[in-house]
Amino acid sequence: QVQLVESGGGLVQPGGSLRLSCAFSGSLFSIYTMGWYRQAPGKQRELVARLTPGGRTNYANSVKGRFTISRDNGKNTVYLQMTSLSLEDTAVYYCNAYVLYSDGRPGDYWGQGTQVTVSS
């Protein structure tokens, strides 16, 4: 069973930076595509950034050039470095782990979320 625990959220001023971490508990972290999603009040959950086992990344247009996703397979952890934060980045950020197992079953897991609030 996979468990994901996010940390690193908090209150930051516009223009500031935060680094989110997501600790993965379970087996075979390295085979999962890891992603960060966010959900602002009244809005749907959206993809922020995703990192495949092979190292491919994709980012939401709104965060390109400001956010960086990375992973440490030795620590079973994925990170989201966020810079130049703006009010629009305020949301609950969720970590996701996804894999398609060899028998065709998907493994799709979510953390509990961490609040990021950008405010002056």
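Two strands are taken to pair if DSSP finds at least two bridges between them, and helices (H or I, at least four residues) and strands (E, at least two) are DSSP runs numbered from the N terminus. The structure discussed here is a predicted model, in which local features need pLDDT of at least 70 and side-chain atom pairs count only at pLDDT 80 or more, while totals for chains, interfaces and linings use all residues. Residues are numbered from 1 along each chain as its sequence is written, and side-chain values use heavy atoms, with hydrogens and water left out.

With strand 4 it pairs in the antiparallel sense over seven bridges, and here Gln39 faces Val92 of strand 9. Antiparallel pairing also links strand 9 to strand 11 (residues 114–118), over three bridges, with Tyr93 opposite Thr114 of strand 11. Between strand 9 and strand 10 there are five bridges, again antiparallel, and Tyr98 stands opposite Asp108 of strand 10. The hairpin of strand 9 and strand 10 has five residues between the strands, and Gly104 in this hairpin takes a positive phi near 95°.

Aromatic side chains come next. Rings of Phe, Tyr and Trp (its six-membered ring) pair if their centres lie within 6.5 Å; planes under 30 degrees apart count as stacked, over 60 as edge-to-face and the rest as tilted. The model holds four aromatic pairs by this rule. In one of them, Tyr37 and Trp110 have ring centres 4.9 Å apart and planes at 65°, so the pair is edge-to-face. Because Tyr37 belongs to strand 4 (residues 33–39) and Trp110 to strand 10 (residues 106–110), this pair ties together parts that are 73 residues apart in sequence. Tyr37 is buried, at a relative accessible area of 16%, whereas Trp110 is partly exposed, at 35%. Phe24, Phe29, Tyr32 and Tyr109 form one aromatic cluster.

A charge sits over a ring if NZ of Lys or CZ of Arg is within 6 Å of the ring centre and within 35 degrees of the ring normal. Arg45 lies over the face of Tyr94, 3.7 Å from the ring centre, and also over that of Trp110, at 4.7 Å.

Six antiparallel bridges join strand 7 to strand 8 (residues 77–82), and Ile69 has Leu80 of strand 8 as its bridge partner.

Thr77 also lies in strand 8 and counts as buried, at 10% relative accessibility. A polar atom of its side chain lies 2.8 Å from the backbone oxygen of Lys75. Not counting residues up to four places away in sequence, Thr77 touches (heavy atoms within 4.5 Å) Ser21, Cys22, Ala23, Phe29, Ser70, Arg71 and Asp72. Among these, Phe29 is also a member of the aromatic cluster.

Conventions
Buried < 20%, exposed > 50% of the residue type's maximum accessible area, 1.4 Å probe, protein only. Polar contact = N/O pair within 3.5 Å; in protein donor to acceptor, adjacent residues only side chain to side chain.
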